[in-house]
Amino acid sequence: MRLSIFNFKPIRLVVIFLVGMVIAAGWLKMRVLEQAPKGLRPLTAAFWMTKTHTNKKFDVIVIGDSRVYRGISPSDMEEVLGEMAVFNFGYSSAGMSALLLNAGEEKLKKNGKKIIILGLTPYSLTSSAALNEQYKELKKALYWPYQTPGLPILMYPKETAWAVTYLLGFKVSPYHQIPHDNGWVESDNPSENIEAALDEYRQRFAKEKISKELFNYLMEKVQLWSEQGYTVFAFRPPVSEKMEQLENAKSGYDESWIKNEFSEAGGIWIDIENRYAYKTYDGSHLTSASARLLSKYIAKFVSDKTSSMGRDKKRIL
């Protein structure tokens with residue numbers, strides 16, 4: 001007869017008890033998170049995992065780093081674009097390498113509008129960003145545990161620690177962030193400081209500039225997409241005037257040159273008018289109100305451009 005620890009009743013009871021405790025603790029954590037003010041809750045692992053592993057397909061995909069995932073609201077774009085389904089495929093410190101671009105392309109409907117929008121920040125064109133560490137970790141992680149009640153307490157300790165802190169009545173960060181199913185993280189910070197991120201980016205670009213190899217790869221990808229029937233747009237996400245000046249001086253990002261190279265590769269550049277009118281809460285990321293305004297602006301540009309392209313094709317035919 002095969003021996004197993006489950007042949008011993010005391011051990012079996014202990015295992016059942018421990019599993020029950022995990023499930024109960026996970027349930028309690030979820031209830032605490034639900035009771036906390038929505039904007040103060042931490043981003044759950046389930047949000048990022050669902051964003052990464054969803055099998056849903058879309059007409060429009062917006063790819064970029066945190067200035068995209070916090071700065072582009074698909075629902076506001078859809079109000080302008082009509083029946084087009086839009087998805088925000090932005091990640092922290094993301095770069096324009098094959099890993100992220102190919103994954104974004106796979107989110108598009110095969111018979112849909114096939115529109116790709118790139119948020120080209122200076123950092124997204126660096127070698128460090130090209131590693132796409134956050135996306136890489138999320139992609140290789142098992143998805144099913146995050147869909148199982150109770151198990152998330154084992155999978156995301158920072159989230160658990162936050163719930164305990166809140167439950168015990170200690171002060172939590174005033175940073176507001178509300179995740180949406182369409183990939184956008186609605187973000188605000190009442191303690192607004194538009195110079196907060198300057199030192200971080202000054203240090204980043206003291207270590208590295210944009211990568212010519214990465215940029216050349218991106219242009220080849222844009223050209224390939226254009227030849228395959230995709231419509232590819234790009235824009236520079238708005239930041240504070242001081243942040244833009246810093247990045248222009250230190251990162252090697254020449255917007256005029258990048259715009260020309262992108263256009264020659266078959267892409268369509270979106271110039272953001274009155275870019276300093278969009279408010280940031282740290283100099284780098286847009287407030288939720290400005291994110292909504294920017295999203296509608298970009299959607300209007302895309303709508304007008306795709307409509308005119310459609311009329312041009314009809315004239316040719």
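Which helices do the buried residues of H10 pack against? They pack against helix H3 (66–69) and helix H12 (241–250), where contact means heavy atoms within 4.5 Å. This is a predicted model, in which local features need pLDDT of at least 70 and side-chain atom pairs count only at pLDDT 80 or more, while totals for chains, interfaces and linings use all residues. Residues are numbered from 1 along each chain as its sequence is written, and side-chain values use heavy atoms, with hydrogens and water left out.

Helix H10 spans residues 198–207; helices (H or I, at least four residues) and strands (E, at least two) are DSSP runs, numbered from the N terminus. Its buried residues are Leu-198, Tyr-201, Arg-204 and Phe-205. Because they cover an arc of only 125° around the axis, they lie on the same side of H10; the arc is that of the directions from the helix axis to the C-beta atoms. The face turned away from the buried side carries the exposed residues Gln-203, Ala-206 and Lys-207. Buried means under 20% relative accessible area, exposed over 50%, and partly exposed in between (1.4 Å probe, protein chains only).

Helix H12 leads on to Arg-236, which sits in the loop between strand S6 (231–235) and H12. Arg-236 is buried, with a relative accessible area of 4%. Not counting residues up to four places away in sequence, the residues that Arg-236 touches include Leu-120, Pro-122, Glu-244, Tyr-253 and Trp-269. Its side chain is joined to that of Asn-248 by a polar contact of 3.0 Å, and a polar contact of 3.0 Å also joins the side chains of Arg-236 and Glu-255. A polar contact is a pair of N or O atoms within 3.5 Å; within protein, one must be able to donate a hydrogen and the other to accept it, and residues adjacent in sequence count only if both atoms are side-chain atoms.
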